[in-house]
Amino acid sequence: MISMSEFKSSGAPASTEVDYDMLIVGAGLSGIAAAFHLQDRLPSTRFAILESRTTLGGTWDLFRYPGVRSDSDMYTLGFSFRPWQGDKAIAEGQNILDYVKDTAHEFGIDKKIQFEHKMLGADWNSATASWSVLVERTVDGCREQLRYSCSFLYMCSGYYDYETGHEPKWPGMDQFGGQIVHPQHWPADLAYANKRVVVIGSGATAVTLVPTMAATAEHVTMLQRSPTYIFALPSRDAIADKLRSWFPSKIAHRLIRTKNVLLSMYLYNYARRKPDAAKKAILKMAAKQLGPDFDVGKHLTPRYKPWDQRLCVIPNGDLFKAIRAGKASIVTDEIESFNSTGLRLRSGEQLDADIIVTATGLKLKLLGGATITVDGKTINLGDTVSYKGMMTSGVPNLASTFGYTNASWTLKAELVAKYVCRLIEHMKVGGYDTCVPVLDSADAGTQPAVDLTSGYIQRAAAQLPKQGVHKPWIYHQNYARDLAAFRYGKLEDGAMQFERRRVSKSSANREPRQPAKASASL
């Protein structure tokens, strides 16, 4: 692979025509939302979506493990502009994928997607006020590098590594005689019926896998080093069902969405204000469903407060039902080593297994792992401060979607999409070609933008932008506050600077053309 410096020196001169007004990177929930609002509000904008995989859907196409589903209700995880019509509020992964694909097709967004186009890096040129983007394209198994350019770069590529998950190494793993599987790379032909399964982990993936596999496995054990807060909810929303029977689809969707946003905000804020009471309530509900013989104190009582890490939602209490039925169990212990028949624990206990699933978490990879440079200077996101949770200090004309940790990802994704449209419209009206958040030294801070104590966040703390001490450098985990700020807040707020930097404009045909090939190939 050629380096960004080689790419820049071998490319076309600085006056090269801009091929697109905007490039959107990623065709998951965020990318589809971005494209919809862009073509709805600014229909003359010339844009394309770059997707590194062979199909759209992002997370919902990548993960294929048994039982994969949403952990947010679909009335808020779904798009505001296309009501969710499914029966379940907590939906299966395939149904979500179908919904995303159908949405892209209905609005013609799928025609804008360029599949197997992976962004490797981008360099901002202040003189031309444009991004020069290095893209790896795969055609019939062969890879080549192309060069795109655009006025605005919009990253919707998620926040974790699609190629590898977090996979700790334990002594003796090579001695195990069965299969070891990571959920991110689930074998389509994995046979677990009548098998003994150990799932290592206690997060959202683990609590999804255990009851699903337990339906046909001999037994499934969830092995956790420490507990997670687990909260049972109905898979169907009874109030939503009533509202959908009383009102037209769009009105019902708006009412349900508002109800769920307000409810989730109330529960989150209650848990943060009164953590002991929230903890007591969560554990009491679990104990009621599991019965008096289950040790809730040992297996379901975390060492942290509610919402220091994300809560795990289980629809209809399916995990608790599997435990009560004797098909599943929870063991709280640490792994000493693997051996030929299973796992040896610190306590001395042996867990025998035919299959071990390492549901040990994700690896963060911001901006899809691409290298970002501004006038040749490499940007380390860990050295920057996040502007409204969607742009980066000192980086012009680049927005990135990072959803809420305490609510649906799509809520923030759509706020960002609409705000980006506001920015671009303001730039057009004012004759600007550049918008850049500029940080005053008094606003700098050292607090991470994401304040969770989850392992995957802590492992990547150095990669994450910081948040500042004053607005608009504070990363709110509050949809209502963001809604007000994004929809009605001033664009020229003192931090966002609008400039005219371009020294000249090309008089060539402005229709998007085929990007030029870079001078070196893989």
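## A guided tour of the predicted model

Begin by selecting A129, which sits in the loop between β4 (117–125) and β5 (130–139); helices (H or I, at least four residues) and strands (E, at least two) are DSSP runs, numbered from the N terminus. This is a predicted model, in which local features need pLDDT of at least 70 and side-chain atom pairs count only at pLDDT 80 or more, while totals for chains, interfaces and linings use all residues. Residues are numbered from 1 along each chain as its sequence is written, and side-chain values use heavy atoms, with hydrogens and water left out.

Although A129 is not a glycine, its phi is positive, at about 50°. A129 counts as buried because its relative accessibility is 0%; buried means under 20% relative accessible area, exposed over 50%, and partly exposed in between (1.4 Å probe, protein chains only).

Next, select N397, in the loop between β20 (391–392) and β21 (398–400). N397 is not a glycine and has a positive phi of about 50°. With 1% relative accessibility, N397 counts as buried.

Now display helix α7 (residues 238–246) and helix α8 (residues 249–273), whose axes come within 9 Å and cross at roughly 155°. Axes are lines fitted to C-alpha atoms, for helices over the stretch in contact, and angles run from 0 to 180 degrees between N-to-C directions. The two helices, α7 and α8, are therefore roughly antiparallel (angles under 35 degrees count as roughly parallel, over 145 as roughly antiparallel, 65 to 115 as roughly perpendicular and the rest as oblique). Show the side chains of I239, A240, L243 and R244 in α7, which meet A252, L255, I256 and K259 in α8; contact means heavy atoms within 4.5 Å.

Move on to helix α12 (residues 409–430) and helix α14 (residues 479–488), where the axes come within 9 Å and cross at roughly 15°. That angle makes α12 roughly parallel to α14. On α12, select L411, K412, L415, V416, K418, Y419 and R422; they meet Y479, D482, L483, A485, F486, R487 and Y488 in α14.

From α14, turn to P472, in the loop between β24 (466–467) and α14. The peptide bond joining K471 and P472 is cis, with omega at about 0°.

Finally, view the whole protein chain, which has 14 helices and 26 strands. Of its 522 residues, 55% are buried.
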